[in-house]
Amino acid sequence: MKDWCYGFTAKLAGYFISRLPRSLALIIGGWLGVVGFWLIHEERRLACEHIRQSLEISDRRRINAIAKKCFKNLGKNVVEFMQFRCLYPKQIEKYVSFEGIQHVHDALAKGKGAIILTGHFGNWELLAASISNIIAPLFPIVRELRSPRLNALVSGYREKAGYSTIDRDTGVRQALRCLKRNELLGIVADVDTTVNGVFVDFFGRPAYTPYSPVAFALKTGAAILPSFIIRQPDGTHRAIIEPPLRLKRCDDKEKELVINTQNFTKVIESYIRKYPEQWIWMHKRWKTHP
């Protein structure tokens with residue numbers, strides 16, 4: 001019954017949001033984020049504490065301002081995702097501009113596929129839709145939601161936006177086949193999860209980080225392309241595809257994973273430092289200890 005309620009509520013909300021003008025939907029999303037900031041006390045506390053420690057800010061007003069913008073960005077992400085059911089390639093081209101597309105073409109020209117590496121930054125779901133519609137089909141690795149109905153609804157939105165996903169827990173072979181077919185594999189690698197990982201420095205503290213992007217790249221020869229989408233003040237987005245990471249090889253395989261995972265983590269951190277209001281500070285990023 002609970003699963004049915006989740007699915008029905010989300011489907012009903014998506015139906016109405018998808019029919020609103022984009023500008024109005026973004027206003028509603030921003031206000032939803034603000035409401036969440038004030039009502040969800042534990043996540044607000046975590047966000048403020050992480051911002052204080054990571055960015056070394058002592059001004060409480062500034063910390064709260066960044067945290068509130070972070071919640072607002074998430075609210076806008078949600079309504080933009082709900083509008084995926086009515087999203088068309090021409091609309092994406094209107095609202096998302098790209099830098100670095102040639103890096104994708106150069107990587108695919110080598111015939112070994114490419115890994116689009118990003119974080120929970122900006123609107124990462126829109127980044128996947130944009131790359132799939134404007135550059136080449138992208139297959140992101142995601143974790144399935146616990147609610148089957150809600151998971152089916154989210155998967156349907158993604159498919160309508162032009163991309164299909166690979167299950168994180170069962171899709172290793174599928175991910176390798178994706179690269180073997182010279183396609184784009186999407187990986188979000190900036191959270192503390194139960195997947196295989198290593199400890200690397202993240203904002204001055206050891207953080208348990210998935211090493212799958214490095215493992216896939218070393219096994220297949222695919223390039224790792226750090227990619228980020230940045231929400232602009234006018235409601236549009238700027239997507240940046242960085243040059244491929246230079247992977248360091250060494251005899252010690254574990255050391256190899258740590259060094260290269262550290263390198264891509266530093267790239268993610270650099271974007272968060274530039275645009276701190278566009279990352280998920282309420283996530284328990286440092287919950288696992290060495």
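Let me start with burial: of the 290 residues in the chain, 49% are buried. Buried here is under 20% relative accessible area, exposed is over 50%, and partly exposed is in between, with a 1.4 Å probe and protein chains only.

A word on the source. This is a predicted model, where local features need pLDDT of at least 70, side-chain atom pairs count only at pLDDT 80 or more, and totals for chains, interfaces and linings use all residues. Residues are numbered from 1 along each chain as its sequence is written, and side-chain values use heavy atoms, with hydrogens and water left out.

Now the overall fold. The chain has 11 helices and nine strands. These are DSSP runs numbered from the N terminus: helices are H or I with at least four residues, strands are E with at least two. The radius of gyration is 19 Å, close to the 19 Å of the globule rule for 290 residues, so the chain is as compact as a globular protein of that length. That radius is taken over C-alpha atoms, and the rule is 2.2 Å times the number of residues to the power 0.38. The C-alpha trace spans about 55 × 45 × 40 Å along its principal axes.

Contacts next. Of those with a separation of 6 or more, 77% join residues 24 or more positions apart. Contact means heavy atoms within 4.5 Å.

Now look at strand β8, residues 223–231. How many of its nine residues are buried? Nine of the nine, so β8 is largely enclosed by the rest of the structure. In a regular strand the side chains alternate between the two faces of the sheet. In β8, Ala-223, Leu-225, Ser-227, Ile-229 and Arg-231 point one way. Ile-224, Pro-226, Phe-228 and Ile-230 point the other way.

What does β8 pair with? Strand β2, residues 114–118, pairs with β8 in the parallel sense over four bridges. Pairing requires at least two DSSP bridges between the strands. Leu-117 has Pro-226 as its bridge partner in β8. Strand β9, residues 237–241, pairs with β8 in the antiparallel sense over five bridges. There, Phe-228 is partnered by Ile-240. β8 and β9 form a hairpin with five residues between them, and Gly-235 in the turn has a positive phi of about 95°.

Last, backbone angles. Most residues other than glycine have a negative phi. Glu-56, not a glycine, has a positive phi of about 55°. Glu-56 sits in the loop between α3 (41–55) and α4 (60–82), and is exposed at 72% relative accessible area. Asn-182 also has a positive phi, about 65°. Asn-182 lies in the loop between α9 (172–180) and β5 (184–188), and is partly exposed at 25%.
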